[in-house]
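Here is a short note to go with the model.

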Amino acid sequence: MRIALFATCIVDAMYPATARATVSILERLGHEVIFPAGQACCGQMHVNSGYLKEALPVVANHVKAFEDDEYDVAVAPSGSCVASVKHQHLMVARRCGDAGLEARAAAVGAKTYELSQLLVDVLGVTDAAAQLGSYFPHRITYHPSCHGMRLLRLGDRQLDLLRSVGGIELAELPEADQCCGFGGTFSMKNADVSSAMLADKTANICGTGADLCAGGDASCLMHIGGGLSRQGTGVTTMHFAEILASTLENPAAVSGDVRLTTGRTAR
Amino acid sequence: MSGTFLGMPSLPVFGIGNLHEHEPFPKAARRELGNPQLRANLGHATRTIRDKRLAVVSELPDWEELREAGRAIKESVMTRLPELLEEFEANFTARGGTIHWARDAGEANSIVAALIRDQGATEVVKVKSMATQEIGLNEYLEEQGIAAYETDLAELIVQLDHDKPSHILVPAIHKNRSQVRDIFLREMEGVDPELTNEPARLAAAARAHLRRKFLSAKVAVSGANFALADSGTLAVVESEGNGRMCLTLPETLITVMGVEKLLPGWEDLEVFMQLLPRSSTGERMNPYTSLWTGVTPDDGPQNVHLVLLDNGRSAALADEMGRSALHCIRCSACMNVCPVYERTGGHAYGSTYPGPIGAILSPLLTGITAEENNSLPYASSLCGACYDACPVKINIPDILVHLRGEDVDSKRGKNRRKRAMPSQMDVGMKAASWALSSGKNLGLVEKALPLGRLAAGPDRKITKLPGIAAGWTQSRDIPAPPGQSFRQWWNKEHRAARPDAAPAAGTDAAGTDAPGPGSAGTEENP
């Protein structure tokens, strides 16, 4: 299968290891990965902040970038960005009165998948250790991000994939379905409420005794990881793609400098 | 609204009354977050109701179909509201009731006060009602020399404490039982000075207090949960039975109801009687459902009035994206699941309608251009829990985003007219729109990543940012950016290992770096 990777802007610029892991997993399964060159961002930040006019060129760029290349499916390591591509792009086009863009956005959205969706529903991955060689000997917990859970209905796909990783120990996160408090510009406009939500999330994470908290959205993980770092907990965050890509021979480093850890998890 | 006065009243009429923030939400939220008693009470109470709701909802195999039916019925009511209202009026009037139409809160208040005065009454008993909270009826009546006694236990607690409700179903959710005992001891006439904080003793004290009012009141004021157009019937759904006392004992009954509460007929009520109790109190069925149709000679109230209230509802109905907010049946499920509400409580929203529904309904009723309400649509992380819980499937997150768009556009217009400087957010969003609307531009920006790395310093994290970004660093660090973006890695290393692949825009594809190892995806940055 020829798979177009939508890295997402935050992963592209801040968490490239997540996109590299995504490429690694898909190539290991024998698929060809392409990176549509014109891609940038889904535009969700603009839409969710009310800047629809400014969102339009971002949305139009994404649609153009993902209709230029020949590929079977597109994939992004983010529930939130995929939900934006699938739902918000149509709304933005409609609101700006661009019916042509709306139809094209619908076509791109229809073949765009979140990573766990693609792995489980399309590529039939049920056992990461057996099918991907995934090995990650750490005690982790897992936060399901809201948009993957409620807009894409990912269910336990990410968690089930993580459970099937060799050597892993999964600790259940209490009140896992509660929002971490990120919410895009909400984290700045309503910083006090966002921080209060974050404090409850990080307390729950630390209570599990896990070395790190895995998730499927880099932005939520940046928020949670930023809080864990500020509180000096020594606990860090990691995208589930990196855990799936980790093998015995080439283990994922849990203490890299973009991880914000104090080293407790470095083994 | 237009800044030019054209000599005509502007339409539509926006809502007035208790529908506004008193201060911007972030500021009010900050104060409420500082109240540990409030946080503890709210956390406990919302969690309890949340669990109860989940249990009774999961018993129903057709819950999703019920939600869809509720949504569809409400949508059809909104599309033919004028004819249904006329049908209701004809049937209600034919059965001896009297209809009054109120354009806004002011009209509704004066109609109710005049009706009470006609009876020569100076006090009324009240059934718990959101509509009368919205129009500020109690305060208005007090100015007119009429005492209004709330009979719902929680409303009574709030009223005795000269406080405001903080939740639409459990208005005293922010008070615990020791606080309730103190309020009763301080404010309730003839209360036993030995009163303890046992729930049964508190309820008994309230019962004794209320019984005196029920037996003496000549006039009752209520809201209504539903109105059935095909028979002219009104319905009140409650738990305590105090509402039924008000609805049956006094000679005169005055109901104030928003026009959107209408249902076509009895078979529609069946759907909502399954949706409402489960969503609000987490019960299969509420203890008391009272239905009345006009006047029954020698039985119950003999003067039956209904004030049909617009107060911004027509304006909300005119908003194609936002109108489904009028489907709300005031169950409060959305606030019980909202992580923002759980932490700030209802007072932070200012309006009678707090929580996620309040964050859309209040600005829709008052108009989003009402400056005092324009921080409400931002009072959400857009987690979507409210949409999942809503028994009539109001897509609250989408409407929040719609209202944010309206707010940004309205400010854009105002700034242009005032030739004001754009805000930091405006400037940032414009710059981001440029950077994120082409791979080439984003690639250029990514060339600056090493600068961010430099700014992060030796501990590899950024802990303080200026301006609006300071909101981020108040509780979170930012990691040092990576040495190279994914795009750069793809072109320099991954693509180099596969010469047939196309270069990503915004990078020097013909870079001089040596080809990397290729497919290993987990190696850390240099």
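1. The helices H16(B) and H18(B) cross in a left-handed sense (the near helix is turned anticlockwise from the far one by less than a right angle). Helices here are DSSP runs of H or I of at least four residues, and strands are E runs of at least two, numbered from the N terminus. This is a predicted model, in which local features need pLDDT of at least 70, side-chain atom pairs count only at pLDDT 80 or more, and totals for chains, interfaces and linings use all residues. Residues are numbered from 1 along each chain as its sequence is written, with chains lettered from A and ligands numbered from 1 in the order in which they are written.

2. Helix H16 (residues 355–366) of chain B packs on H18(B) at about 40°, the axes being 10 Å apart. Axes are lines fitted to C-alpha atoms, for helices over the stretch in contact, and angles run from 0 to 180 degrees between N-to-C directions.

3. H16(B) contributes Pro356(B), Ile357(B), Ala359(B), Ile360(B) and Pro363(B), and H18(B) contributes Ile396(B), Ile399(B), Leu400(B) and Leu403(B). Contact means C-beta atoms, placed from the backbone, within 7 Å. This contact has 9 nonpolar, no polar and no charged residues (nonpolar: Ala, Val, Leu, Ile, Met, Phe, Trp, Tyr, Cys and Pro; charged: Asp, Glu, Lys and Arg; polar: the others, Gly among them).

4. Between chains, 65 residues of chain B are in contact with 72 residues of chain A. The chain B side has 33 nonpolar, 19 polar and 13 charged residues.

How values were computed:
Two residues are in contact if their C-beta atoms, placed from the backbone, lie within 7 Å.
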